[in-house]
Structure formats: C-alpha cells, structure tokens
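Here is a set of questions and answers for a student who is reading a structure for the first time.

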Amino acid sequence: MYRTALRNVLAHKGRLLMTALAVLLGTAFVAGTLVFSDTMGRAMRNSYSTSFSDVSVLVSATGGDGGGPVDSDAPRGDRAVLTADTVKELAALPGTERARGVVSGFTAVADKKGDLIGKAWSSRGANFVPDASGADPRYPMAEGRGPRAAGEVALNRQAADKAGYHVGDTVRVAGNGAARDAVLTGVFTTDDPQVTSGGTLALMDTATAQQELLEPGRFSSVVLTAKPGTSEAQLLDQARAKAPAEGVELQTGQELKDEQTRMVADSVSGMKTMLLVFAGISLFVGIFIIVNTFTMLIAQRIKELALLRAVGAGRGQVTLSVLVEALAIGVVASVGGLLAGVGIGAGLQSLVHSFDEGMPTGSLVVAPVTVVGTLVVGVLVTVLSALLPAVRASRIPPVAAMSSGEQPTTQRGLVIRNSIGAVLAGAGLGLILAGANGTGSNAQHLLEFGAPLALIGVFVLLPLLSRPVIALVGPALAGVFGTPGKLARLNAVRNPRRTASTAAALTIGLTLVTALTVIGNSVTSAVTSMVGDTMKADYAVNMANGRQLSTDLTGLVAKADGVKAVSQVDNVWWDIEGVGKDRAIEGYDAAAFDQLIDLTMRSGSTAALGQDQVLVNQDFATKHQLSVGSTLRATAAEGAPVTLTVGGVFEATEGVSPIVAPNRLIEANDPHPLVQQILVKGVDGPTSALKQSIKDATGRNPVMEVRTMQDMVDDFSRIISTMLNLMYGLLGMAVVVAVLGVINTLAMSVFERKREIGMLRAIGLERRGIKRMIRLESVVISLFGAVIGVLLGCFLAWSALRILASELKGLTTVIPYGSVLLFLGLAALVGMVAALWPARRAARMDILSSIKTD
Amino acid sequence: MSTSTAYAAHTGVAAARATGLNKVYGEGETRVVALDDVSVAFGQGEFTAIMGPSGSGKSTLMHCMAGLDAVSSGSATIGDTELVGLKDKQLTRLRRDKIGFIFQAFNLLPTLTALENITLPMDIAGRKVDRAWLDRVVETVGLSGRLSHRPAQLSGGQQQRVACARALASKPEIIFADEPTGNLDSRSGAEILSFLRNSVRELGQTVVMVTHDPVAASYADRVVFLADGRIVDELHHPTADSVLDRMRRFDAKGRTS
Ligand SMILES: Nc1ncnc2c1ncn2[C@@H]1O[C@H](COP(=O)(O)OP(=O)(O)OP(=O)(O)O)[C@@H](O)[C@H]1O
Ligand SMILES: [Mg+2]
C-alpha cells in the first residue's frame with residue numbers, strides 16, 4: 001500500500017511539483033523569518049554586550065534624562081542628585097577603578113543647510129571626559145581632538161560624513177536651549193549601539209554639556225568600573241551606601257546587559273511575530289493548493305483507487321495511502337523550504353545591512369527550534385490539507401472501477417457546504433455590522449470576532465458564488481473573445497469547488513491588501529481634508545522631537561520678515577464643571593485667529609475671542625446644552641476659578657479642539673500652557689523666503705521644523721504609504737503562492753481535458769484559440785478571486801473605519817478606485833502569467849494522441 | 001472488380017482523394033508502415049465505408065485525409081486543396097470549414113448544450129448559422145426536444161446523433177466518421193447509420209466511415225477494404241452478407257498466402 005503511494009508520488013512528479021513548491025515557499029518564509037530574527041537578535045545582543053564591557057555599576061538619575069532617546073516631557077532639574085561631589089565620592093569607593101560622570105541628552109546637529117542630521121529621536125549629545133593624555137577611551141578620536149571648551153564639539157564619524165563636515169568646520173548645534181555655533185574639533189568612532197545604528201552623537205566638554213543638556217554641575221549618570229577582584233555586586237553594595245538615597249537608580253553591568261537583551265528580544269520578537277503572521281498567510285494560501293491538488297489527483301485516479309478497493313483494500317488503507325503520499329511531499333518540500341529559508345535569512349540580513357550599515361551583523365543562527373518547527377509545520381500543513389481529499393478518496397465505491405466517463409460534480413456536498421458557509425458568513429457579517437454601528441472597545445471586539453468568521457464564511461461559500469459572479473462577465477467574454485471566451489467561462493464554473501479553492505488564494509491576498517489600502521487611504525484623506533479645511537496658516541513651527549516650544553519664540557517669529565499673522569497654540573487641561581479635565585482647551589491669538597484658522601460658525605462669531613470669550617464646537621455644545629451666551633465654570637491648573645463665556649459655536653472639525661479660547665484668557669490664568677506649535681501666515685503665502693526668515697529669526701535651530709500644511713500632510717501620507725508598501729511586500733509571498741495555485745489548477749485541468757482539447761482542435765479551433773481559452777479561464781478565475789477579495793477588503797475596511805471614526809472626526813471610508821482598479825488589473829495579469837505554461841502545453845498537445853487518450 | 005479499379009471506380013467528382021499515400025511511424029526497429037502507397041478517391045455525394053482488420057491502417061488513412069496527421073509521402077486533397085505542405089493554421093481552418101468529424105466516443109464538450117455543440121464549428125469560425133438548414137438537420141437526427149440538454153443528460157446514441165448533427169450543420173465538403181457506432185447497441189447504431197445514409201441520399205453529403213461491422217458497412221454505397229496499409233479490394237452496393245463473404249475470402253487468402 002505504502003509502496004503504491006510512493007510510486008504515485010514519483011509517477012505524478014510533475015503534477016505534484018506546484019504543491020511541493022507551495023509548501024516549500026511557505027515553509028521557506030517561516031524558516032527565513034526564524035533564521036533572520038535569531039541572527040539579528042544575537043548580533044544585536046553581541047553589539048550591546050561589548051558596549052557595556054566597561055560598566056560594572058551604573059548610577060543614574062531617575063526622572064531626568066537618563067541618556068536614552070528623548071521622548072518625555074518630564075520636568076527636569078527638580079533636584080540635582082548627581083553632582084561632581086557624588087562622582088568624586090563614588091570614585092573614592094574601595095572597589096572603584098574608575099568613575100565617570102556622564103552628561104547626556106537630546107542634542108540636534110544641523111547639516112550645512114541648517115536641517116537636522118538624522119532623526120530627532122536618535123540625536124544625542126554627551127560629555128567628553130579626557131584623561132591625563134587628553135583622550136577619552138570611550139570615544140577614540142579618528143581625526144582631530146576632543147572638545148575642551150565651550151564652542152567646541154566632536155561628532156561621530158557617520159554623522160560627520162553624512163553632513164560632509166570636516167575638522168575645523170563650524171557646526172550648528174542645539175540642545176534644549178537656543179542653537180549655537182561650535183567648531184568641530186574632532187571626529188570619533190564608537191561602538192555605542194545607538195550611534196552605530198544610525199544616530200548622531202555630539203560630544204562637548206563636560207561644563208558645556210551640563211549647561212546645554214542638564215544644568216551646571218549636574219550629571220545624568222555615573223559609570224563605575226570595578227577594580228580587578230571586586231565583583232559587580234560588591235561594587236553595587238558599596239555604591240548604594242554612598243549614592244544619594246533618592247532619585248537614583250543603581251544597576252550592575254550584568255543587569256544592564258540583561259535589560260538590553262530583553263529589550264532586543266522584545267523588539268526582535270515583535271518583528272518576528274509580524275513576519276510569522278505573513279508566513280502563516282502564505283502557508284494558509286498553500287493549504288488551498290494542496291487540497292486542490294489532492295482532490296484533482298484523486299479524481300483522476302478514481303478508477304485506480306476503486307480497483308484497489310475492489311480487490312480488497314480497506315477504506316482506511318486508501319486514506320492512509322493518500323496521506324503517505326502527502327507525507328512524502330511534505331517532508332521533501334519542508335526540507336527544501338528549510339534550506340531556502342536559511343538562504344532567505346542570509347539574504348534578509350545582508351539586505352538590512354545594505355540599507356543601514358549600522359545594523360550589527362553576525363554569523364547565521366539556525367536554531368534547532370527553527371529546523372524542527374519548519375519541518376513540523378510543513379509536514380503537518382501538507383498532511384492535514386490532504387486529509388479531506390484522502391477521506392473522500394476512501395468513500396469511492398468499488399463499483400466506480402467499472403463505471404466510465406467523468407464523474408459529475410456532486411451537488412449534495414455543496415448543499416451542506418453552502419449551509420455552513422451561509423451561517424458562518426451571516427453570523428460574521430452580523431457581528432461586523434453590529435460592531436460598525438457601535439463604539440469603543442466593545443465594537444472593536446465584535447469586529448475582531450466577526451471579521452474572521454465572515455472571511456471563512458465567504459471562503460466556504462466561494463463555490464456557490466462562483467457561478468453567478470462569473471456569469472456576470474459571460475456576455476462580455478463571449479462577445480469580445482468569441483467561442484474561446486465562452487468556453488473559458490464555462491470551464492471556469494465547471495467545477496465550482498476547484499475554481500473556488502484556486503481563487504481563494506487570491507481572495508485572501510486581495511482582501512488584506514484592499515483592506516489595508518482603503519484604511520490607509522481613508523486616514524490619509526481624512527487628515528488631508530482636516531488640515532486643508534481648517535488650516536489657513538502657511539507654516540507651522542514645531543520641535544522635531546515633539547518638545548515644548550519656548551514661549552519667547554512666538555515673539556521672534558512675529559518679527560521675522562514677511563510674516564503677516566502669528567499665533568502660538570496653547571494647550572491646557574482645565575477642570576470644567578460637568579465636563580471634566582480630559583478636554584484640551586486650545587488657545588489662539590485672538591487677533592490672528594481668522595487669518596490662521598477657518599471655522600464654519602453656526603452661531604456667534606470668532607470676534608468673540610477678542611472679548612475673552614470662548615468658542616465651542618457643535619457636538620460639544622449639543623452635548624452640554626450650550627449656546628452663545630452660556631457659561632462654563634472651570635478651575636485652572638493652579639486652582640484659580642475661571643468663567644468661560646461661549647461667544648460662538650462652530651462646526652466640529654478634527655483640526656481644532658472642541659473648546660477654543662484666546663491666548664490672553666489662558667495665559668492670564670495659567671502661565672505655563674503646553675505650547676507645541678506656532679502657526680504663521682505669510683504676506684505672500686508659503687514661500688521659501690518666508691521659511692528661511694522664520695528659521696533665521698529663531699536662531700536657525702536644527703530641531704525647529706518649519707513646515708507648510710502640505711509638508712505635514714505629505715509627511716503623514718509618506719508614513720502611511722511606507723507602511724502599506726511593507727505590507728504589500730510581505731503579502732507578495734502569498735500572491736506568489738496563489739499564482740502557483742492557479743498554474744497548478746490549470747495544468748491539471750488541461751491534463752484532464754485532453755480529449756476535449758483534441759476534439760476542439762480537430763473540429764477547427766486554432767492553437768491560438770486554445771491558448772486564449774485557457775488564458776481567459778485563468779483570468780476569469782483570478783478576477784473572481786480578486787473581485788471577492790476587493791469587496792471583502794472594502795467591507796472590512798469600512799467597518800474598521802466606522803469604529804476608528806469615533807476617535808478621528810471626519811474619518812470616512814474613501815475607496816481609492818485607482819488602486820482598486822490596479823489590484824484587479826494585477827490580478828488579471830497574474831491570471832495571464834499563471835496561464836502561460838498550461839496554455840502553451842494545451843496548444844502544443846498532439847491532436848491524435850489526445851483524442852485517443854482514455 | 002479488382003484492386004486496380006479502386007482509384008477510378010466512381011464516375012463523379014472526388015470530394016477527397018489520396019494519391020500514393022505513405023505513412024510510416026517510428027524508425028529502425030520500431031518502424032511501422034501504416035499506409036503503403038494508398039491511392040483512393042471518395043466521390044462527392046457518396047457514402048464510403050472503410051473496412052479491414054485491426055491495425056490495417058483505417059484510422060491512419062482517415063486521419064491523413066482529414067488533415068489530422070501528417071503524411072510521410074504522397075498527396076491528399078480535400079476538394080481542390082492539397083493538404084501536404086499546409087501549415088497547422090491552414091489545416092485547422094480547412095478542418096473547420098470543409099470537414100466534419102464523428103469520433104467513436106467523446107465527441108461533445110460536456111459544458112455546452114446539445115445545440116451549442118452542434119453549432120460549435122460555426123461559432124469557432126464566427127460564421128452565421130443557417131437556421132433553416134440547422135432546423136432540418138436537427139429534425140432529421142430527431143433531437144428537437146433535446147437541444148438544451150447537456151451531453152451528460154443524453155444517452156450514448158443521442159450523443160452520437162448530436163455529433164452527427166454537428167458534422168452536418170456546417171455543410172462540410174466531407175464527413176469522416178471513425179467507428180461512429182462502435183460504442184452503441186445495434187438499434188441506436190442502426191439509427192445513426194440510416195441517418196448518415198439519408199444525409200447522403202437526401203442532403204447530398206459526402207461521408208467516409210471506418211467500421212468493423214459488416215452490417216454498418218452495408219449502409220454505404222461502396223466499401224473499401226484495407227489490409228496491412230494497402231487497399232486490397234472494394235465492393236459497390238454492399239449488403240451485410242456480401243461484405244461478410246468478402247471479408248471471409250481475404251481472411252482465408254491472408255492465411256493461405
Ligand atoms: N502514433 C503511432 N505510433 C506508432 N505506430 C502507430 C501509431 N498510430 C498507429 N500506429 C500503427 O499503425 C498501424 C495502423 O494503425 P491504425 O490505428 O490506423 O489501425 P486501424 O486500422 O485503425 O486499427 P483499429 O481497427 O484497431 O482501429 C498499426 O500497426 C499501429 O500500430
Ligand atoms: Mg482505428
């Protein structure tokens with residue numbers, strides 16, 4: 001029995017090739033992901049552990065800048081806990097070999113054009129600590145020397161090269177304060193992972209660093225190196241006794257390494273999970289192909305199997321023989337996939353390295369779990385997918401050996417299938433609709449639960465859907481392509497199960513692609529229209545690192561050439577009676593307001609801002625029963641009571657907070673509002689001259705971003721499109737598998753329909769006509785899958801957007817018809833490409849031998 | 001009647017003609033001469049049966065004459081058209097426009113209805129269907145009530161009738177039928193055969209049919225006997241008995257020689 005099975009595998013080598021390839025691709029993706037993430041993880045860990053090699057104990061100030069990327073707005077300078085004295089005391093500990101006071105914080109460096117080098121989140125500054133010889137072992141200078149005085153700076157190699165700076169050049173740097181010029185005294189190299197992974201590091205002498213990044217006399221951390229013979233734990237104990245009792249954190253080098261390892265593992269595992277999800281999608285798509293292949297193989301071997309049964313083979317034996325066949329394919333393909341996966345892992349690593357030289361590299365890691373996991377997944381997927389066809393094979397009655405002709409497709413099986421599908425799809429769609437009309441996390445759960453249910457339901461229903469959907473294009477096909485078109489359509493619906501599982505592979509891909517695209521597009525267009533509708537300002541000024549703007553900047557910008565109107569945007573969260581504290585009140589300059597912001601007033605007027613009154617949006621007004629003249633009682637940050645008088649009601653828009661107040665009112669009651677943005681209107685609109693004059697007026701600070709509204713929209717849509725492209729790339733693998741599936745189905749159909757094709761040729765259909773027939777069948781099946789996928793994707797996106805809309809006003813489903821058409825076009829192309837080989841084979845078939853086939 | 005008369009036997013115009021036709025399969029050890037210098041003409045409006053033992057080259061002759069297979073040497077013409085030297089595309093056109101086929105089995109596309117199967121050659125050619133002719137053909141084969149059925153819903157005999165109707169509907173110059181009744185019971189077979197004969201008598205169709213069955217051959221106007229790739233005899237206005245008799249005779253001859 002098993003020998004029969006194995007002989008079958010060999011006999012059907014060609015026809016099993018696509019199945020094996022599908023499994024191979026899926027498992028290669030899995031193995032590649034595992035190899036790549038393990039390799040990356042180890043390389044990153046290695047690079048971190050070298051950078052902590054001289055740290056035995058780290059004493060760091062909490063609540064301030066710990067030297068990490070700057071992202072918090074936590075108040076600084078409450079207590080100067082780590083001072084020069086602390087450093088000295090720690091240096092004097094019996095176990096301390098060396099103690100190094102570290103100053104670290106956000107520091108932006110401008111390139112020659114005045115723009116920030118690199119990214120704000122990885123721009124750092126630190127102090128240079130020269131030893132007796134004037135060198136700092138932590139930062140060996142490749143050129144020049146370290147900074148010794150204010151007005152001097154050293155840069156890391158990559159940053160200097162990127163901006164084209166050489167020793168002796170004047171470089172503009174900015175810490176937390178104003179930007180200033182410094183002379184580049186040296187260029188250094190370092191193994192600091194934050195720097196090697198593409199960051200910028202500017203070194204200053206300790207005094208300057210303290211002044212610019214913290215405050216005079218203060219350190220952000222102290223690094224202790226233990227004497228030989230003193231363990232990290234011992235030094236930690238000694239340090240704990242001397243270090244300030246509060247406001248510091250002590251960690252041993254080992255703890256730091258462990259923490260980094262954990263962080264690396266977390267970030268790598270996030271990436272790994274995402275990649276594995278996509279690998280899973282490819283494998284899932286592969287399942288359809290495997291099921292299809294085995295079903296077709298069994299249909300072709302119906303007589304052979306029936307004969308086996310007739311001569312006494314039991315049902316179980318038939319099932320088993322099919323499963324053994326699947327097992328053989330699964331093993332071969334998974335081993336191939338594993339090997340290919342190691343290759344993919346290596347390829348990905350060098351790809352990442354070529355994009356970003358700072359990424360650490362290392363030898364490939366092929367963990368045992370990768371090997372076992374890949375093989376088990378590949379074999380299981382193949383065998384489980386073959387299970388259903390195998391069971392069906394065992395149901396073939398022995399008499400089938402005597403009957404002749406092709407078996408008509410059973411409608412009986414489809415009735416059950418359709419009922420199940422209808423229930424699943426109905427329940428899923430119901431849940432989604434319920435979710436789409438609800439709000440909050442509850443609605444989200446409904447969607448999360450309903451979406452997969454609806455998807456599975458639709459997949460189960462695909463055979464049922466294939467006939468009516470494909471019938472829609474029937475007249476067009478026959479009209480344009482004549483008989484081959486008509487035959488193609490009929491062949492496409494001939495075996496609904498087969499058509500469905502072939503198309504399903506594309507449906508999955510297209511559902512995901514479309515849903516992501518529609519969501520991305522809708523969010524982008526919501527943001528665009530939000531900005532476009534309400535913002536009249538030409539430029540917005542903000543800090544690249546998202547920090548607070550210093551309040552004197554507004555005045556500086558106002559004095560710049562070509563500026564017509566300016567307003568800083570205040571944000572305060574006052575406790576309003578009956579509303580609470582979670583609603584931000586936005587403050588604008590009353591005089592400049594109309595030139596910067598465009599509100600559609602329902603009642604009252606923006607002029608009310610001039611009388612220290614506030615404006616509220618329609619939704620807020622309705623909710624709290626407010627109208628012009630109503631008042632709200634609020635408590636300002638410092639406890640002062642404020643009465644807000646409504647002077648106007650405007651149509652709600654996402655661009656502006658529900659409550660708008662004049663700057664004067666806010667600042668009179670709250671001297672420290674959060675200011676993150678200054679809006680500017682130019683005399684001549686958004687000109688580059690205006691941009692330059694704003695930059696000049698604010699001291700050409702590289703952290704300061706001066707962007708037009710369009711820039712902001714563009715930046716945002718760039719993020720979205722980068723994300724989408726990544727998704728497309730990852731889903732590409734699933735599409736490749738889907739193409740294999742189409743090729744597979746077509747090739748087998750051509751084989752099965754040999755006699756028909758021979759007969760068509762005999763009665764006068766040209767080779768071209770045969771080719772066209774096969775190609776059109778392929779296109780029809782692909783488009784069927786794609787259309788269902790697009791519709792499903794749009795529906796899913798619509799429901800997801802409905803839920804998101806409660807958080808982002810003005811978010812509506814915007815279907816990018818261009819992209820959708822492109823997807824359908826690509827699906828048709830996929831169909832064409834997949835049909836190339838089967839169509840060629842069909843056209844080349846010898847008429848006589850195909851007619852003689854029995 | 002002798003072998004030599006086979007070529008010039010009939011007086012009318014030839015619908016198809018083979019002259020010195022040779023067909024050789026394989027090379028060296030496996031070389032098989034399937035047709036050995038065959039010259040034969042099939043007259044217009046004539047119903048010819050080809051008979052002979054298995055492997056004698058009947059199907060090969062038909063395939064060569066119908067442009068389905070390439071000849072090794074010699075000439076084959078349909079009407080005025082010489083088949084030798086035609087490209088695949090021209091041959092396909094020729095089959096489509098001038099030749100009708102009825103095979104032993106599997107003549108129909110399972111996805112098309114009976115009517116669609118009948119008009120298939122014309123649909124492929126993009127030619128308009130002659131309604132009146134089609135109705136007449138359909139009526140003659142007795143399929144009027146079954147036109148919207150698919151092949152799976154028809155009996156074997158009905159399927160062959162559809163195949164006959166298809167071959168006739170496009171008014172080809174010649175119809176080739178390879179054992180069209182081979183898979184049918186004698187009653188259905190008789191129906192098909194009388195139908196073919198009627199189409200010759202009443203519609204003026206030319207039909208060439210390969211058969212093993214003396215009764216089937218007796219429906220023809222003339223029987224050509226093949227043996228070992230050569231035409232060995234022919235018989236005009238055959239009856240089942242005369243055919244059987246002739247077959248016995250060269251069975252005996254074959255044994256004695
Ligand atoms: N494709 C082929 N390759 C090699 N030899 C072939 C091929 N087709 C036919 N032959 C040989 O040519 C000879 C004639 O075959 P053909 O099919 O014409 O016989 P036939 O008279 O139709 O026989 P039957 O009554 O059994 O159908 C036979 O000896 C056969 O083996
Ligand atoms: Mg034959």
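Q: Which residues does Lys681(A) touch, not counting residues up to four places away in sequence?
A: The model is a predicted one, and the values here are computed from it. Lys681(A) belongs to strand 22 of chain A, which covers residues 674-682. With residues up to four places away in sequence set aside, the residues that Lys681(A) touches are Lys536(A), Ala537(A), Asp538(A), Gly562(A), Val563(A), Lys564(A), Ala565(A), Gln595(A) and Leu596(A).

Q: How much of chain A is made up of buried residues?
A: Chain A has 24 helices and 23 strands, and its C-alpha trace spans about 100 × 80 × 45 Å along the principal axes. The accessible surface of this chain comes to about 36600 Å², with 60% of it belonging to carbon and sulfur atoms. A residue counts as buried when its relative accessible area is under 20%. Among the 854 residues in chain A, the share that is buried is 51%.

Q: How far apart are the C-alpha atoms of Val371(A) and Gln611(A)?
A: Val371(A) is found in helix 11 of chain A, residues 368-394, and it counts as partly exposed at 28% relative accessibility. Apart from its neighbours within four places in sequence, Val371(A) is in contact with Leu338(A) and Val366(A). Gln611(A) is 240 residues away from Val371(A) along the chain, and the separation of their C-alpha atoms is 73 Å.

Q: Is Asp38(A) buried or exposed?
A: Asp38(A) forms a salt bridge with Lys272(A), at 3.8 Å from N to O. Because Asp38(A) lies in helix 2 and Lys272(A) in helix 8 of chain A, the pair ties together parts that are 234 residues apart in sequence. Lys272(A) is partly exposed, with a relative accessible area of 25%. Asp38(A) has a relative accessibility of 19%, so this residue counts as buried.

Q: In which strand of chain A does Arg633(A) lie?
A: Glu577(A) and Arg633(A) form a salt bridge in which the closest N and O atoms are 3.3 Å apart. Arg633(A) counts as exposed, at 54% relative accessibility. The two residues are 56 residues apart, with Glu577(A) in the loop between strand 15 and strand 16 of chain A, while Arg633(A) lies in strand 19.

Q: How many salt bridges does the rule find across the interface of chain A and chain B?
A: Side chains of opposite charge can pair when their charged atoms come close. Over all chains, the structure holds 35 salt bridges. One that joins the two chains pairs Asp88(B) with Arg767(A), with the closest N and O atoms 3.1 Å apart. Across the interface of chain A and chain B, the number of salt bridges found by the rule is 4.

Q: Which three residues supply more than any other three of the area that chain A buries against chain B?
A: The contact takes 21 residues from chain A and 24 residues from chain B. The area buried between the two chains is about 2200 Å², of which carbon and sulfur atoms give 66%. On the side of chain A, 27% of the area buried against chain B is supplied by Met759(A), Ile763(A) and Leu848(A).

Q: Which helix of chain A gives the largest share of the side that touches chain B?
A: Between chain A and chain B, 9 residue pairs are in polar contact. Helix 13, helix 21 and helix 24 of chain A each supply at least two residues of the side that touches chain B. The residues of this side divide into 10 nonpolar, 3 polar and 8 charged. The largest share, 6 residues, comes from helix 21.

Conventions: Residues are numbered from 1 along each chain as its sequence is written. Chains are lettered from A and ligands numbered from 1 in the order in which they are written. This is a predicted model: local features need pLDDT of at least 70, side-chain atom pairs count only at pLDDT 80 or more; totals for chains, interfaces and linings use all residues. Side-chain values use heavy atoms; hydrogens and water are left out. Contact means heavy atoms within 4.5 Å. Buried area is the accessible area (1.4 Å probe) that two parts lose on being put together, summed over both. A salt bridge is a side-chain nitrogen of Lys or Arg within 4 Å of a carboxyl oxygen of Asp or Glu. A polar contact is a pair of N or O atoms within 3.5 Å; within protein, one must be able to donate a hydrogen and the other to accept it, and residues adjacent in sequence count only if both atoms are side-chain atoms. Helices (H or I, at least four residues) and strands (E, at least two) are DSSP runs, numbered from the N terminus. Ala, Val, Leu, Ile, Met, Phe, Trp, Tyr, Cys and Pro count as nonpolar, Asp, Glu, Lys and Arg as charged, and the others, Gly among them, as polar. Buried means under 20% relative accessible area, exposed over 50%, partly exposed in between (1.4 Å probe, protein chains only). Accessible areas come from the Shrake-Rupley method with a 1.4 Å probe; for residues, only the protein chains shown count as cover.
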